[in-house]
Amino acid sequence: MTQTDKYKTLAALIRGYFTAYINGIYDAMNKQNDGKITPLTMKTLAMEHYENMVGGFNDTMFFIISQLNYSLDEIEKQLKAMGAGNTSLFELMRMACRTDEMFEAMTTEYKRNVTAILEGRFTKAVEHFKNYTRNGTEDPVDNELAIRLLVRTVMTAYTMGIREAKTGKATLRQATLIGLLTENMTLILHDKPLDTAKTDRINTMDEYIRYVCGTDENIYAMMDEMNVTYENIIKNEGIISNDDMAN
């Protein structure tokens with residue numbers, strides 16, 4: 001099975017959480033459905049919703065980051081050993097990261113993304129590839145797991161943002177979601193920004209997704225996890241449609 005770097009995946013997951021959360025708030029509040037967030041709007045949203053945005057990070061990302069480092073059985077054993085009911089979120093996130101090196105990387109990426117959003121911007125691909133925290137040694141994770149965790153992160157955080165806006169919106173904007181997924185998937189499956197000479201020649205979303213994902217296996221992992229996560233969102237969050245025209 002094809003693999004990617006674990007620290008590279010971690011950085012994309014953290015960026016994916018924050019970009020999706022802010023976009024969820026914006027889409028819920030923006031009647032034009034244009035998907036264009038100005039720097040001033042982003043700053044305002046980040047400051048007004050800061051507490052719940054950063055508070056939701058630990059709740060959402062604990063289990064996702066844990067799966068980068070443990071099997072499901074190992075996570076359960078770790079939680080039992082720690083007495084999770086009496087364990088702080090700080091300690092749980094340390095456990096999720098497994099090593100001091102990954103915990104430091106998680107903290108650095110968290111701060112980088114929060115700082116950027118408070119400045120009214122998302123980190124660009126060029127900046128991300130240049131600056132994301134590397135371990136310096138080979139630390140692989142299967143592509144399928146990385147893709148599924150990213151899909152789960154983005155769709156969950158986007159839904160959280162919609163709920164945070166408290167507008168009564170109960171739909172997901174497909175264009176935003178696909179954009180967030182492909183944008184952040186690129187950071188996992190590629191080593192540099194996409195070649196604009198190639199993307200300029202792409203005419204359909206299916207072609208673009210294939211270029212980002214690279215293989216049928218990666219496309220299947222993305223689409224299958226989207227379906228699974230969407231069903232969970234319907235069940236747990238009351239989202240009634242993935243077609244924004246239903247609103």
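Buried means under 20% relative accessible area, exposed over 50%, and partly exposed in between (1.4 Å probe, protein chains only). This is a predicted model, where local features need pLDDT of at least 70 and side-chain atom pairs count only at pLDDT 80 or more, while totals for chains, interfaces and linings use all residues. Residues are numbered from 1 along each chain as its sequence is written, and side-chain values use heavy atoms, with hydrogens and water left out.

Q: Is Lys6 buried or exposed?
A: Go by the relative accessibility, which is 11% for Lys6. The cut-off for buried is under 20%. So Lys6 counts as buried.

Q: Which residue forms a salt bridge with Lys6?
A: A salt bridge here is a side-chain nitrogen of Lys or Arg within 4 Å of a carboxyl oxygen of Asp or Glu. For Lys6, the closest N and O atoms of the pair are 3.7 Å apart. The pair ties together distant parts of the chain, 133 residues apart: Lys6 sits in helix α1 (residues 6–29), its partner in the loop between α7 (125–131) and β2 (140–142). Helices (H or I, at least four residues) and strands (E, at least two) are DSSP runs, numbered from the N terminus. The partner is Asp139.

Q: What is the N to O distance between Arg121 and Glu127?
A: Arg121 has 33% relative accessibility, so Arg121 is partly exposed. Glu127, at 22%, is partly exposed too. Their side chains meet in a salt bridge, N to O, at 2.9 Å.

Q: How many salt bridges are there by this rule?
A: One of them joins Asp216 to Arg210, with closest N and O atoms 2.7 Å apart. The count comes to 14.
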